[in-house]
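The sequence and structure come first, followed by notes grouped by topic.

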Amino acid sequence: MGLAKGEEVVPFKHKLVKHNVIKFGYMHLAALYGVYLCFTSAKWPTLLWAFLLLEFAKIGITAGAHRLWCHRSYKAKLPLEILLLIFNSIAYMNTATYWVRDHRVHHKFADTDADPHNVHRGYWFSQIGWLFVRKHPDVLEKGKTVFMDDIHKNPLLRFQEKYAIVVIGLCAYIIPTVVPIYFWGETLSNSWHICTMLRHVLTINQIFLVNSIGHRWGNRPYDKNIKAVENIAVSLMSTGECFHNYHHVFPFDYKASELGMTMFNAATMFINFFAWLGWAYDLKTIPDELIIARTKRTGDGRNLWGWGDVDQTEEETKGVKYLYTKNDTKG
């Protein structure tokens, strides 16, 4: 799959999952045709519908599968949880249960052979190549060790898992395609290739930039000893998920970043809005003293933008005990 320069990894022969190769190959070719149709024959409501679906899908992963269900960084009342389940089903990055398991394994065994998208196996592998092959034996073995009881007890996630074909089929394929045809007379070809295929491919690749670029190019203000980085561009595309060095150090912060409501963190804005509405609550954050202490102890000396950071004084870090345990996925 190709390795990053200067990095070593234990050789491993991957076995292709042929139907995934065919499926993702078709999806990407169909998405390219969808790009062409965007500029040649699509109606403007179709483009707007596809954009809205894309943003809903990303929120379903970031605010839903990631921050709510995987890291339990906040709690959601039933209406919000149902909304997030619908958004998550639009995204179709497998069921939320499957996604959570893979992501908890990723955090617990980051950048090792037990990491489903181990960045040491190269940019292509960590971006999307890992979906084309069978999981490394370490992923399967270590995956059995992560805590999943909370997910298996969640009735909504059990419903999505049990009726995945119907729920995801409707949300990810049928409704996105039918709406433009029925409401404004779009063609089937335009609707399918733009609102379903192009939107789906963009969702997958924008979110997975966090796995590839987010573990390779950027700053490490909180822990210079791990691969995860801060990358503003990827954060913008992934609705706020690539303040990734911070997130790997403090995964239970509902913002997935030290920053609050910013233009680079749409998922945080989404959660904040529903917190104001009363549908999201118990939003977890990390004390400033703990962040300062960790930055001083293990950071690379640069801030989010790559500039030299201001040194903290001894008074700022005095008496602060480092409490975070990286491998704790229970929350």
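Axes here are lines fitted to C-alpha atoms, for helices over the stretch in contact, and angles run from 0 to 180 degrees between N-to-C directions. The structure is a predicted model.

**Packing of α3 and α8**

- Helix α3 spans residues 78-91 and helix α8 spans residues 155-162; their axes lie 10 Å apart at an angle of about 25°.
- Because angles under 35 degrees count as roughly parallel, α3 is roughly parallel to α8.
- The crossing of α3 and α8 is right-handed.
- On the α3 side the contact is made by Leu-78, Glu-81, Ile-82, Leu-85, Asn-88 and Ser-89, and on the α8 side by Leu-156, Leu-157 and Gln-160.
- By class, the residues of the contact of α3 with α8 are five nonpolar, three polar and one charged.

**Packing of α2 and α4**

- The axes of α2 and α4 are 10 Å apart, and the two helices pack at an angle of about 65°.
- α2 and α4 are therefore roughly perpendicular to each other.
- The crossing of α2 and α4 is right-handed.
- From α2, the residues Ile-61, Ala-65, His-66, Trp-69 and Cys-70 meet Ala-96, Trp-99, Val-100, His-103, Arg-104 and His-107 of α4.
- Seven nonpolar, three polar and one charged residue make up the contact of α2 with α4.

**Packing of α1 and α10**

- The axes of α1 and α10 cross at roughly 120° and come within 8 Å.
- That angle makes α1 oblique to α10.
- The crossing of α1 and α10 is left-handed.
- α1 brings Phe-24, Tyr-26, Met-27, His-28, Ala-30, Ala-31, Tyr-33, Gly-34, Val-35, Leu-37 and Cys-38 to the contact with α10.
- α10 meets these residues of α1 with Ser-189, Asn-190, Trp-192, His-193, Ile-194, Met-197, Leu-198, His-200, Val-201, Ile-204 and Asn-205.
- The contact of α1 with α10 holds 15 nonpolar and seven polar residues, and no charged residues.

**Largest pocket**

- The largest pocket contains about 700 Å³ of space.
- The largest pocket is lined by 31 residues, and the closest to its centre are Asn-94, Tyr-98, Asp-102, Trp-130 and Leu-131.
- At least two lining residues of the largest pocket come from each of α1 (18-40), α2 (44-70), α4 (96-108) and α10 (188-212).
- With six residues, α10 gives the most to the lining of the largest pocket.
- The lining of the largest pocket divides into 16 nonpolar, 10 polar and five charged residues.

**Cavities**

- Two cavities of 30 Å³ or more are present in the structure.
- The largest cavity holds about 80 Å³ of space.
- Of the 13 residues that line the largest cavity, His-14, Pro-116, Phe-125, His-136 and Val-139 lie nearest its centre.
- The lining of the largest cavity has five nonpolar, three polar and five charged residues.

Notes. Residues are numbered from 1 along each chain as its sequence is written. This is a predicted model: local features need pLDDT of at least 70, side-chain atom pairs count only at pLDDT 80 or more; totals for chains, interfaces and linings use all residues. Side-chain values use heavy atoms; hydrogens and water are left out. Helices (H or I, at least four residues) and strands (E, at least two) are DSSP runs, numbered from the N terminus. Angles under 35 degrees count as roughly parallel, over 145 as roughly antiparallel, 65 to 115 as roughly perpendicular and the rest as oblique. A crossing is left-handed if the near helix is turned anticlockwise from the far one by less than a right angle, and right-handed if clockwise. Contact means heavy atoms within 4.5 Å. Ala, Val, Leu, Ile, Met, Phe, Trp, Tyr, Cys and Pro count as nonpolar, Asp, Glu, Lys and Arg as charged, and the others, Gly among them, as polar. On a 1 Å grid over the protein atoms alone, a cavity is a set of points where a 1.4 Å probe fits but cannot get out, and a pocket is an open set with protein on both sides within 12 Å along at least five of seven lines; lining residues have an atom within 4 Å of a point. Grid points are joined across faces, edges and corners, and a volume is the space filled by probe spheres set on the points.
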